Structure formats: C-alpha cells, structure tokens
Amino acid sequence: MINGCFPANLKSCIILPIHKRRSLSCKGNYRPINNTPPISKVFESIVRDAIHDHLSTNNLLSPAQHGFQRKRSCSSCQLDFFNHIFMRKSDGFLLAVVYFDFSKAFDKVSHNMLLAKLSAYGIERNLLSWISSFLSNRSQVVKIQGVSSIPKPITSGVIQGSVLGPLLFTVFVNDIFESVLHGKPFMYADDLKIVYHFKRSELSAYKVLINSDIDRISQFSSKWLLDLSPDKCFYLQIGNFTPLNISLNGRTMNSKKTVRDLGLIYSSSFNFAESVALNVSKARWRIGLINQNFHSVELKKTLYFSLVRPVLELYPFLYNCLRLSDKLKLESPLRYFTKCALSHSSSQSNYANRCQLLDLQPIWIRILTLSFCLLYKTIHGHSYSTLSTLSFRPLTYNARSQNLMIVTKSKTTQFRNYFTVNFPILWNSLPSNIRLSNNYYNFKKLPTLFLKSIEFQTYARRHRLSPLN
C-alpha cells in the first residue's frame, strides 16, 4: 500500500452464475456472483475504512444516499421515504414519485472518470495510485460445473463482490443529486427515486419542473456513461389528478399502480397486502422445509430464527400501516410453526400458550420490540435518519416527564398510524426507567419485559395494537 501498488496475483476473480428466474438457456436470467481472493478483501477493508472516514469527516457524501455507508440501510431509506410521503399527504399535497433504473450501473463505471472524482474529493498520492492499481489489469473467468472459461480483461466497473467496490460506486454517483432541483431524492445503491409534492393548482407548472429534473439526470447519465433503462423507469401517482406527461430521452414515461421497491410491494394508496402475502408465502414454504427435514424442536427453533422470522419482520416501522387482515396474516406462519413443533402436546390449542411453551414471541410483540429499538437507535444517533419530526419535550423539574417525545400532529389516518407519529406516543407510555436508559444493549431487554406486563396488555387492548384482541 505504501508503494501505491496492488498485488498482481490478487487481480483475478471467478464468476459463478446463479439462476434467478425463467429460462435456463437465457444468460440474462443469471446473477453473476463474483468471488475475489480473501486476502484481497483484507486490503480493501483497510482502504475502504480510510476513505469512508475521510468522506464522512468532511461531509462529502449526500444524505440522500443510503447505500454502503455506516448506520444506513434499505430500512433507513424507506423510513425516511415513507415519512416524507405521509407527511406531505397529511399537509394536503398531491405527490408523484419518479423511479429510475440504471442498466448494469456497477459494471459500467469508467475507471478514469472514477479516479478523477476520487481526486476531486481529496483522495490523492499513494492511496489514489493504489486504487488505480486495484482497478487496472484485472481479469475474470466464468466457472460452471467445475469448468472455467478463458480469462477476460475487466476494463470498467467497480468489481462486484469486492469490499471496496460499493463505496467507489457511491462516490461515482454522489453528484447525481445536484441534478435534482425540484424534488426530494432517495437513493439506495443504484436505485433512485424522487418525490415531488404540489398543490392541484401547481400541476401544470410541476410537469415542466419534473421534466427539467429528468432531463438533467439523463444528461448526468450520458456524461458519466451510465445508461438509463427507459422501459424500467416509471412514476407513481399519489392522489387524484390527470396523468403527468413526463418523458425520458423523448419517450413518455409510464405510470404504474403498483411498485416493487427495495423488497416492498405497495400501491399508490399504500396498500401493502401483496407484499405481506408474498412474505407470508415465503415464510410458510421455509417452515414446510424445516418440518420435513428436521425433528428436533430446538433445531427447528434455531432455523426459524434465522430463516423465517427475518422475512416476517421486514420493515417493522410499517406494521401499524397494515390492515388488520394483513396483521393477522403475518401471524399465520408462526401459528403454523408452533402447531407443527408441538403436534404431540396437549396444550397446543391456544396460540399464546404454544408461543409461551416454545419461548417464542408473537410476531406483533416482536415487531413492537424492534420498532422501539429502531426508535431508540434513531434518536440516539446509532442509526442514520434525516427525520426532523422526532424530538424531545423540554426538560422539566418532574423526573417522570423526562425523555418524553413531542408527538407530531397528523391530519390523515395513514400518517397517524406511521412510525414517526405512532411510536412517540408509545414511547411516552414506557416507564421512565426504560426511556432514560443510556445503553442500547440494556434498552433492548427492557421493552420486551414491559410488553409482557399486564399493564401493557391492557394498554394494547385499549389502543388496538394487537391484531389478536
């Protein structure tokens, strides 16, 4: 590293094609999994941390990018996105969300352009030379059933499967947000969406403004050799108004009623029923495999924790926005699992009893716990968020009122049920010793104990938090 040179014998990687969907004979239906040498990843980790520290210290990365950065994730992106949507709807605005799709963006990054951008961000001398060496003179082979192809040179891209590649891509697309002058962008890796809000009287003017933003993004992609896929770019219309006449590269952009976005499926009315049904189906299929192949209850529980429960807990901050039927549907895989695990028990008739016997939390209790933990991490800076709606009341002399949150007023049921409005109310219902906890690992245990209490069960019934009441 001191010499600014990356070892030549670590520049070869193996591509393992994994089938994704549809025909086995079409190469476009495979996902290329890139395997790089483990020692290379050690070197890359050191460089990645140094670059990330430099970029973070100097606030060089846009807060709109949630991918490949500490304390940020798909969840932080969606948390901010839905908060912005529901808040603007509550304020009486109409909305349009424009979604952009880049074609093989990671593979098309120009090395020379990337190095120029890194230099502009203050990454120079030996470190810049090392990155240049890391990217240049690389080769890859495709391996199928033990047979390898002829090595081919890699002339562009940030080396998918590498540790350093994702951060380099983040730097490369960081200035795309300068093209967005009239909307609010949200981006995770190469998935970009822009939210526009306007009054009905401003509709005609906003069509022009949205088109101007789209033109600038198109110019950005052309300048930096990142191809947009016009067929996969579209917009979601939120509210009752005439369709927008917006276009990309001379082609009218399609309007969609339902969107697949970062693991979620939702409609323009923000009905998540299809997403819930898909996750429940996936969870029940995995439970079926577990029951067929394993007999030990403890082993089944371990596999449930690792393979099933994460599917049902995706995006817990949206739970209170679900319909009652969808909340009950989310409980059904665990109901099924507990019945199978206790098939010979005499106490299997009651769902709550089965959960207690197996020491498992019902899904709704588990999601409440995760949401409390997310709220704690957000307000204490352990998880990144741009939310401006979360704040505490001024301190008073009364110790019981310390660490109470300000509850945002909402004019719509959707925003009232959303995490940033609903959970500050629940936070204020917590005992003061939980609210005042200054250690996250201690805090994680406290809500679970509180949620099991008779006091909370009464509160949950009164406020209809549980779908089982």
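Asparagine 350 sits as a cap on the N-terminal end of helix 10, with one of its side-chain oxygens 2.9 Å from the backbone nitrogen of alanine 352. Helices here are DSSP runs of H or I with at least four residues, numbered from the N terminus. The model is predicted, so local features need pLDDT of at least 70 and side-chain atom pairs count only at pLDDT 80 or more, while totals for chains, interfaces and linings use all residues. Residues are numbered from 1 along each chain as its sequence is written, and side-chain values use heavy atoms, with hydrogens and water left out.

Helix 10 runs over residues 351–358, and its buried residues (under 20% relative accessible area, 1.4 Å probe, protein chains only) are Tyr351, Arg354, Cys355 and Leu358. Looking down the helix axis, these buried residues fall within an arc of 100°, so they line one face of helix 10. Just after the helix, aspartate 359 takes a positive phi of about 55°.

Now for the second largest pocket. Helix 10 is one of the helices that each supply at least two residues of its lining, but the largest share, 8 residues, comes from helix 11. In total 43 residues line this pocket, with Gln361, Pro362, Ile365, Arg366 and Thr369 nearest its centre. The lining splits into 20 nonpolar, 12 polar and 11 charged residues.

Definitions and conventions:
Buried means under 20% relative accessible area, exposed over 50%, partly exposed in between (1.4 Å probe, protein chains only). The arc is that of the directions from the helix axis to the C-beta atoms. A polar contact is a pair of N or O atoms within 3.5 Å; within protein, one must be able to donate a hydrogen and the other to accept it, and residues adjacent in sequence count only if both atoms are side-chain atoms. On a 1 Å grid over the protein atoms alone, a cavity is a set of points where a 1.4 Å probe fits but cannot get out, and a pocket is an open set with protein on both sides within 12 Å along at least five of seven lines; lining residues have an atom within 4 Å of a point. Ala, Val, Leu, Ile, Met, Phe, Trp, Tyr, Cys and Pro count as nonpolar, Asp, Glu, Lys and Arg as charged, and the others, Gly among them, as polar.
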